[in-house]
Amino acid sequence: MASYRQTGSPGYLFTIVLVAVLGGLLFGYDTAVISGAERGLQAFFMGAKDFTYTNGLHGFTSSSALIGCIIGSALSGLFAGRFGRKKSLFIAGVCFFLSAAGSYYPEFLFFEKGVATKGLLVAFNLYRVLGGIGVGMASAICPMYIAEVAPAEKRGALVSWNQFAIIFGQLVVYFVNFMILGDHIAPKMASLAEGMNQIINAGDLAADANWSVTTGWRLMFGSEMVPAGLFTLLILLVPETPRYLAMSGQEEKALTVLSNINGESKAREILNDIKNTVIEKKEKLLAYGALVIFVGIMLSVFQQFVGINAVLYFAPRIFESMGMGNPMTQTVLMGVINITFTLVAIFTVEKLGRKPLLITGSLGMALGALGVALADAVPGVPGIIGVVSVMVYSASFMFSWGPICWVLISEIFPNTIRGAAVAIAVAFQWISNFIVSSTFVPLYTWSPAFTYGMYCFFCLLAAFFVWKLVPETKGKTLEDMTTLWRERMKK
């Protein structure tokens with residue numbers, strides 16, 4: 001044990017980061033589970049007798065978790081500051097688990113099972129909002145937790161694993177949904193005619209499709225209870241972050257955690273740096289000027305306004321419009337590319353730095369978006385040009401804005417305002433996500449060329465923003481952020 005404290009343990013660091021990264025996996029799992037379940041869910045509520053389940057209601061139900069995401073991210077700073085990073089992640093895990101259980105069986109206590117009613121729809125959406133609160137909290141606090149336990153020279157790579165876990169969680173749930181559906185048929189919905197709910201499945205509602213309506217969507221939502229329960233239990237076994245412990249006056253505990261990670265000699269040095277930056281437990285949000293908050297917010301806004309979620313959420317629709325074979329095959333290929341290029345970021349972020357990756361990725365995305373726009377605007381352009389452009393667009397995001405934005409948001413703020421500042425930045429991210437996701441379909445239906453031309457413009461604007469305003473944080477400690485922003489205030 002003595003040598004363990006003297007040299008630090010990479011295995012100890014790996015273990016606690018792995019548990020935190022499970023929060024990222026749940027983030028991806030929860031946001032993507034609706035993709036496989038929504039058709040069966042729609043058919044179920046279209047059978048309601050006391051109301052008409054319209055396309056508008058289904059659109060709200062499919063995206064209601066985003067409301068919780070905005071709430072959860074906004075609350076994350078309050079929770080992280082008052083209860084600590086560890087307890088806040090435990091609360092997020094409980095939200096994940098209860099949401100999965102409630103979405104699986106929304107009739108619990110108050111409604112008759114299998115009977116679609118207006119009240120049951122409200123209950124289901126409340127459970128989805130609860131899961132969104134967990135997603136919002138985890139999206140802010142998981143990167144913060146990792147950043148606050150990781151040594152400066154490893155922080156970028158370790159926080160980037162959180163983005164990998166998000167993408168991996170999405171792929172896992174696609175596979176789980178596929179396995180649950182098996183040979184059963186997902187129901188096909190007709191549009192509402194004369195106020196009557198209609199479901200079409202090769203004539204009558206076939207037994208396989210009926211299984212999807214009664215059972216399939218429930219199992220898809222319920223499957224999240226397994227990783228959610230595992231995360232909730234494991235988070236109890238990891239330590240609180242040393243930064244939070246030091247800010248809470250628990251310096252001995254902070255030293256123990258730091259020693260286990262870095263070795264005792266280095267730990268005392270880091271603890272002294274932390275103590276020097278924590279003059280008071282909490283400073284005013286603008287104690288380091290408005291620029292640091294503006295940079296954090298705009299990192300979040302640009303991560304969404306470059307339009308990536310319009311690609312990720314609607315990839316099959318986009319590929320189908322290009323007439324290039326099976327759109328699901330191309331979507332799976334894009335998923336593999338996303339994983340691959342996220343790994344590129346993980347293994348280069350500490351060598352190349354944050355700014356070069358963000359600027360290069362922005363320019364690559366601009367090129368991809370321009371290619372998609374031209375494929376639509378110029379007659380006779382082969383569909384393969386559009387498909388390749390989408391792949392370039394997605395790959396460029398995955399080695400840049402996908403992981404690196406989370407790295408910067410987790411590390412760019414000074415210790416004393418980090419919890420509140422991260423909460424604000426991530427809340428703006430979810431608001432921007434909602435704006436992009438809700439406007440894509442009408443914009444794309446009106447003009448794909450204009451839509452992707454607009455995203456191209458935002459990609460170029462993002463590159464300029466990073467070049468002029470975002471500081472390079474490679475190799476800097478979290479305590480260096482205090483000095484960095486105080487110096488910028490003087491300029």
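Me: Where does Leu109 lie?
Reply: Helices (H or I, at least four residues) and strands (E, at least two) are DSSP runs, numbered from the N terminus. With elements named in this way, Leu109 is found in the loop between α6 (85-104) and α7.

Me: What pLDDT do local features need in this predicted model?
Reply: Residues are numbered from 1 along each chain as its sequence is written, and side-chain values use heavy atoms, with hydrogens and water left out. This is a predicted model, in which totals for chains, interfaces and linings use all residues, side-chain atom pairs count only at pLDDT 80 or more, and local features need a pLDDT of at least 70.

Me: Is Leu109 buried or exposed?
Reply: A residue is buried under 20% relative accessible area, exposed over 50% and partly exposed in between, with a 1.4 Å probe and protein chains only. Leu109, which has a positive phi of about 75 degrees although it is not a glycine, has a relative accessible area of 68%, so it counts as exposed.

Me: What percentage of the residues of the protein chain count as buried?
Reply: The protein chain holds 23 helices and two strands. Among the contacts in this chain with a separation of 6 or more, 83% come from residues 24 or more positions apart, where contact means heavy atoms within 4.5 Å. Of the 491 residues of the chain, the share that counts as buried is 56%.

Me: How are helix α5 and helix α7 oriented to each other?
Reply: Helix α5 (residues 65-83) packs on helix α7 (residues 118-149) with the axes 6 Å apart and at an angle of about 45 degrees. Angles under 35 degrees count as roughly parallel, over 145 as roughly antiparallel, 65 to 115 as roughly perpendicular and the rest as oblique. The orientation of α5 and α7 is therefore oblique.

Me: What handedness has the crossing of α8 and α20?
Reply: The axes of helix α8 (residues 152-181) and α20 come within 8 Å and cross at roughly 125 degrees, which makes α8 oblique to α20. In this contact, residues of α8 including Arg155 and Gln163 meet residues of α20 including Trp406 and Glu411. A crossing is left-handed if the near helix is turned anticlockwise from the far one by less than a right angle, and right-handed if clockwise. The crossing of α8 and α20 is right-handed.

Me: What kind of aromatic pair do Phe27 and Trp406 form?
Reply: The structure holds 24 aromatic pairs; rings of Phe, Tyr and Trp (its six-membered ring) pair if their centres lie within 6.5 Å, and planes under 30 degrees apart count as stacked, over 60 as edge-to-face and the rest as tilted. Phe27 lies in helix α2 (residues 10-32) and Trp406 in helix α20 (residues 401-411), so their pair ties together parts that are 379 residues apart in sequence. Both Phe27 and Trp406 are buried. The ring centres are 6.2 Å apart and the planes stand at 90 degrees, so the pair is edge-to-face.

Me: How far apart in space are Met334 and Met391, C-alpha to C-alpha?
Reply: Met334 belongs to helix α17, and at 3% relative accessibility it counts as buried. In sequence Met334 and Met391 are 57 residues apart, whereas in space their C-alpha to C-alpha distance is 6.2 Å.

Me: Which residues is Leu460 in contact with, leaving aside its neighbours within four places in sequence?
Reply: Leu460 sits in helix α22 (residues 448-469), and with a relative accessible area of 43% it is partly exposed. Although 101 residues separate Leu460 from Ile359 in sequence, the two are 8.8 Å apart in space, C-alpha to C-alpha. Leaving aside neighbours within four places in sequence, Leu460 is in contact with Leu363 and Ala366.

Note on methods. Axes fitted to C-alpha atoms, helices over the stretch in contact; angles between N-to-C directions.
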